[in-house]
Each structure stands twice: as structure tokens, then as C-alpha cells.
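I opened the model today to look up a few helices and strands. My notes follow in the order I took them.

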Amino acid sequence: MKKHVALRCVLSLATALLLALSPFTTALAEPSSETLLLAEGTAAETQARIDDSGVEGPTIFFVAGTHGNEWAGYYAADELMEEIFPTAGKIIWVPRANIQACNIEQRTAEDEVNLNRVYPGNSEGNPVEQVAAEIMALIEQEQPVAVVDMHEGYNFYGVDGSIGNSLVLGATDGSFMNGLEIISRVNAQNGDHPDFTFDSNAPAGSLNHEVSTRLGIDTYTIETSQVLEMEERIAQQKLFVHTILDVYGIPVEEESA
Ligand SMILES: [Zn+2]
């Protein structure tokens, strides 16, 4: 990972004055947005963005575009990256985790490597394994309170083996306790659509399973159902993100269009 935009940690004069005048302020720095390249120089090179409020608070980590034919996850991430910015803590985005798969709108790229089965990755492996290793390293470095992977299923939960219309909870107590609250709050705002259910069987090699079991961090996989219209699924993905931010205490401001 190479930092392409240096993170500015220099206090502005105004912030310095504020700190001098108020011993209770928690402002650490100006808000900043830093873009990193993962698996730089490989066919799988993709961006991560760190939106830092400059104010003390929790960090949260969102991944989308793990599977290129699960559009609502990465379309929602695109919109949210334009629309929201944290006012405390940090939000980290990896909006096109498998960028080659997203570019051809298929589950995997032509290499047929499923990103969500190769975690924790391999820094010496193929390009997709390198992306996985660098996402894991960034999570380990930033220690988020939760990691959220934005996916879709082809049907509703249990229909033809689909896990669509569910939230897959990681293997931590926090994932379970907070996950049930998140689902309940989303269902209360989900209109006439079928209620989301929960699942807890993220497979070995998935981001959800490997982050929660290896790092003890709460994890969630959002799975909207592709039976619904695209705009409904994007709205559901965004509703999950806003609810998760609220449950984990990361306040955001909405950018005006
Ligand atoms: Zn998926």
C-alpha cells in the first residue's frame, strides 16, 4: 500500500487556537480524505479511501464489489462516498474490491478466483489474493469496530439455496447482539418488502469469517435479494449502512448535492 495523498496532520491556526482556548475539545486535525492503492501495479489494483473526521471516534470499514454481478452493493457504496462524511471517527471504503470482476460484471474475473474464498490472502499470491492480503492488513492496522461487506443474493433467503435478503453475522458476540438490532431497525423501515433474516454461516475464506475469527472484529455481510428492483436494493444497502453507522456510534454529515 502506497500513500498517494499525504495525510495532513498539521493543525490549522484556527484549530490550534480552539485547542488552546478549550482544554476539552477532541479535535485532532482537519478532516481529510486519503486514497490508497491496494495490490498496486497488478491487474487487480484497486482503491481504498480513508475519510477521517479529524475528531476522536471509532473507525468503520466498508467493502463492496467483491462479486462483480452484485451491483447494488457497489452502486450504494458509490453514492454513499459522495453523500456522507464522518463528523467523528473514520470511515474506510473499498468500493471495488475485485475491480476486474466489476469491470465485466461477473462474479469473478476471468482468472475465476473468488475473492471471498481467499482471505486472509497471500501477499505473494495471485493478484486477487494480494488484494485480500492488503484489505486484511489495512483492517488490522486501522482496528475498525466493524467490517461490512456489501453483497447480493439471487433470490430470497432459502429459495433455491439463496442467502439473499439476509444479514450474515460474524463469529463474535458483538456481531450477534448488534446484528439483531440492526436487522430489526432495517425491517421497521423496509416498507412492504419481506423482512431480512440473519445467517451466521459465513464460509472459511470469506472476509466475514476470517476477520471475525482471526481479529475478533464484528463483521456483517449485507445480502440484498436480486428479485427486487435495483433502486430498491440500493436503498436497502444504504439503509443498512446508515443503521450500522448509527449503532456503532459514527456520526455523519450529509453532503449537499
Ligand atoms: Zn457475493
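Strand pairing came up first. I found that β4 and β7 run parallel and are joined by 5 bridges; strands pair if DSSP finds at least two bridges between them. I60 stands opposite A146 in β7.

Before going on, I noted the ground rules. The model is predicted: local features need pLDDT of at least 70, side-chain atom pairs count only at pLDDT 80 or more, and totals for chains, interfaces and linings use all residues. Residues are numbered from 1 along each chain as its sequence is written. Helices (H or I, at least four residues) and strands (E, at least two) are DSSP runs, numbered from the N terminus.

Entry on β7. I looked up its other pairing and found 8 bridges to strand β10 (residues 218-225), also running parallel. In β10, T224 is the bridge partner of E152. I then checked burial, where a residue is buried if 20 or more other C-beta atoms lie within 10 Å of its own, exposed if 12 or fewer, and partly exposed in between, with C-beta atoms placed from the backbone. In β7, 8 of the 8 residues are buried, so the strand is largely enclosed by the rest of the structure. A146, V148, M150 and E152 point one way, and V147, D149, H151 and G153 the other.

Entry on α4. I found that this helix (residues 127-142) has 16 residues and reaches 22 Å from its first C-alpha to its last, close to the 22 Å expected; the expected span is 1.5 Å times one less than the number of residues. Its buried residues include V131, A132, I135 and I139. They pack against several elements, among them β4 (59-64), β7 (146-153) and α6 (207-215). Just after α4, Q143 takes a positive phi of about 50 degrees.

Entry on the core. A nonpolar core is a set of buried Ala, Val, Leu, Ile, Met, Phe, Trp, Tyr and Cys residues joined through C-beta atoms within 7 Å. The largest one has 63 residues, and F62, V131, A132 and M150 are among those with the most contacts inside it. I noted that α4 gives the most to this core, with 7 residues.

Entry on I104. I placed this residue in helix α3 (residues 99-104). I104 counts as exposed because it has 12 C-beta neighbours inside 10 Å. Its C-alpha atom is 7.1 Å from that of G68, 36 residues apart along the chain.

Notes
Two residues are in contact if their C-beta atoms, placed from the backbone, lie within 7 Å.
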